[in-house]
Amino acid sequence: ALAQVLLKQKNKVLELSRKKYEGFGPTLLQEKLEEVNKVVVNRETLRQWMLEEGLWEVSKKGRKHRQWRERRECFGELVQADGSHHDWLEGRGPWLVLMGYIDDATGGVYARFYDYEGTMPAMDSFYRYVKKYGLPHSLYMDKHSTYQSSKEPNVEEQLEGREKVLTQFGRALEELGVELIPAHSPQAKGRIERLFKTFQDRVVKEMRLEGVKTKEEANQFLETYLPKYNRRFAVKAREEADLHRPALRDQELRRILSIQDKRVVRNDGTVRHETKLYQILNSAKSLKEVVVQERIDGKIY
C-alpha cells in the first residue's frame, strides 16, 4: 500500500513537472510543489525522479576557480548595480531590461523593469532605491556609456581641474556625494552577475506561473516577490552600522536626478531645447544662460 502511495505521488509530481513546471530545476520545483500544491518531496528524491525521466540533466560544465572577494562590512557601504537585457516575459510581452541593485554586505536586492538601459532608467531606478534605503556610500558599475564617459575633457573642463568627463548619471552621483567605482570586467561585479543568472531562472518561471505579460505587471510582481526573496537569501552584515545617508527632500532629489543642459538665452528671452522654443517670463535682461532640466517624471524645468 505504501509503495502504491509513493508511486501515485511520483506520477503526480512528474506530471506537474512536465506541464505546469516545465524547465524548473529540482530546487525551485521542490519549493513550488510545497508552496502551491502542498506536496512535500525530498529534493534528492525529486532530482533522481527527474533524471530518470529525462526532465533534468546534470551539468558537466566545469567552473573556473576564482578567489571569492570578501563582502564589505556594512549595509550601504557598496552597492553593485547593472542592467540585464533578457526575454523576461518569454515572448508574452516585450523584451525588458532589469535594473538591479545588490548590497555587497548583505546580498539584499532591489530591482525594477524598464524598456531600455539608459540615463532615465538609471536615474529613475536609483531614485526609487534611494527613497527606499537612502543614499549608499558607493555604487559599483560597469563602463556602459550611461554611467561612464570615454570622452576626453575639453579645454573648459580641463581648466576646472576635471580629469574625466562625467555622464549625466555620473554628474548626479557626484552632486549627491555617492562614489562611482568602475568595474573593469564582468567577473569584477560577480554578485550582480550571479544575481541576474539566478533571476533569469527563478523570476522568469515565477512570472510565467503568474501570467505576467507587461512591464507594469512585471514591476507589480517584483513589489511582492523581492521582499520574500530578501527574507530568504539576504544575510546579516558583519557590522550593524547602516552607511546609507538619509535621502534629500524629494524635490531636491528629483532636481539632481535629471538630465541637465546649459542653454543660451536669446535676445527675445527664449531658449531652444530639442527643437522647441521656451519663453522665459519676467527674466532680467542680464540673464545670459539657463540650465534646462528634464526630470524623471517627464517634466521640463
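Let's start in helix H7, residues 190-210, where lysine 205 and aspartate 201 sit 4 residues apart, so about one helical turn separates them. The two form a salt bridge, with 2.5 Å between the closest N and O atoms. Do keep in mind that this is a predicted model. Is lysine 205 buried or exposed? Lysine 205 is buried, at a relative accessible area of 9%, whereas aspartate 201 is partly exposed, at 32%.

Now come with me to helix H2, residues 26-36. Lysine 32 and glutamate 35 both lie there, 3 residues apart, again about one turn of the helix. They make a salt bridge too, and here the closest N and O atoms are 3.3 Å apart.

Arginine 72 bridges to glutamate 77, with 3.7 Å between the closest N and O atoms. In this pair arginine 72 is the partly exposed residue, at 31%, and glutamate 77 counts as buried at 19%, because the cut-off for buried is under 20%.

How many salt bridges are there by this rule? The count comes to 20. Some of them join up: Arg171, Glu175, Glu252 and Arg255 are linked in a network.

On to the aromatic rings. The count here is 15 aromatic pairs. One is tyrosine 21 with phenylalanine 24: the ring centres are 5.2 Å apart and the planes meet at 55°, so we call that pair tilted. Both of these residues are buried.

Another is tryptophan 88 with phenylalanine 113. Their centres are 5.5 Å apart and their planes are at 65°, so this pair is edge-to-face. What I like here is the connection: tryptophan 88 is in the loop between E1 and E2, phenylalanine 113 is in strand E3, and so the pair ties together parts that are 25 residues apart in sequence. Tryptophan 88 is buried, at 0% relative accessibility, and phenylalanine 113 is buried as well, at 1%.

There is also an aromatic cluster, formed by Phe75, Tyr101, Tyr110, Phe126, Tyr129, Tyr133 and Phe169.

Some of those names come back in the nonpolar core. The largest core has 28 residues, and those with the most contacts inside it are Tyr101, Phe126, Leu139, Phe169, Leu176, Val178 and Leu257. Which elements each supply at least two of its residues? They are strands E1 (79-86), E2 (96-103), E3 (109-114) and E4 (138-141), together with helices H4 (119-133), H6 (168-176) and H9 (250-256). H4 gives the largest share, with 7 residues.

Leaving aside residues up to four places away in sequence, leucine 257 touches Met123, Phe126, Tyr127, Ala172, Leu176 and Ile296. Apart from this core lies another one, of 22 residues, and our tryptophan 88 is among them, along with Leu98, Phe199 and Val203.

Last stop, the surface. Leu2, Val5 and Leu6 make a nonpolar patch of about 310 Å². Leucine 2 lies in helix H1, residues 2-18. Why does leucine 2 count as exposed? Because its relative accessible area is 63%, and exposed means over 50%.

Terms used:
Residues are numbered from 1 along each chain as its sequence is written. This is a predicted model: local features need pLDDT of at least 70, side-chain atom pairs count only at pLDDT 80 or more; totals for chains, interfaces and linings use all residues. Side-chain values use heavy atoms; hydrogens and water are left out. A nonpolar core is a set of buried Ala, Val, Leu, Ile, Met, Phe, Trp, Tyr and Cys residues joined through side-chain atoms within 4.5 Å. Buried means under 20% relative accessible area, exposed over 50%, partly exposed in between (1.4 Å probe, protein chains only). Contact means heavy atoms within 4.5 Å. Patches are made of residues with over 30% relative accessible area and no salt bridge: like charges are joined within 9 Å, nonpolar side chains (Val, Leu, Ile, Met, Phe, Trp, Tyr) within 5 Å. Accessible areas come from the Shrake-Rupley method with a 1.4 Å probe; for residues, only the protein chains shown count as cover. A salt bridge is a side-chain nitrogen of Lys or Arg within 4 Å of a carboxyl oxygen of Asp or Glu. Rings of Phe, Tyr and Trp (its six-membered ring) pair if their centres lie within 6.5 Å; planes under 30 degrees apart count as stacked, over 60 as edge-to-face and the rest as tilted.
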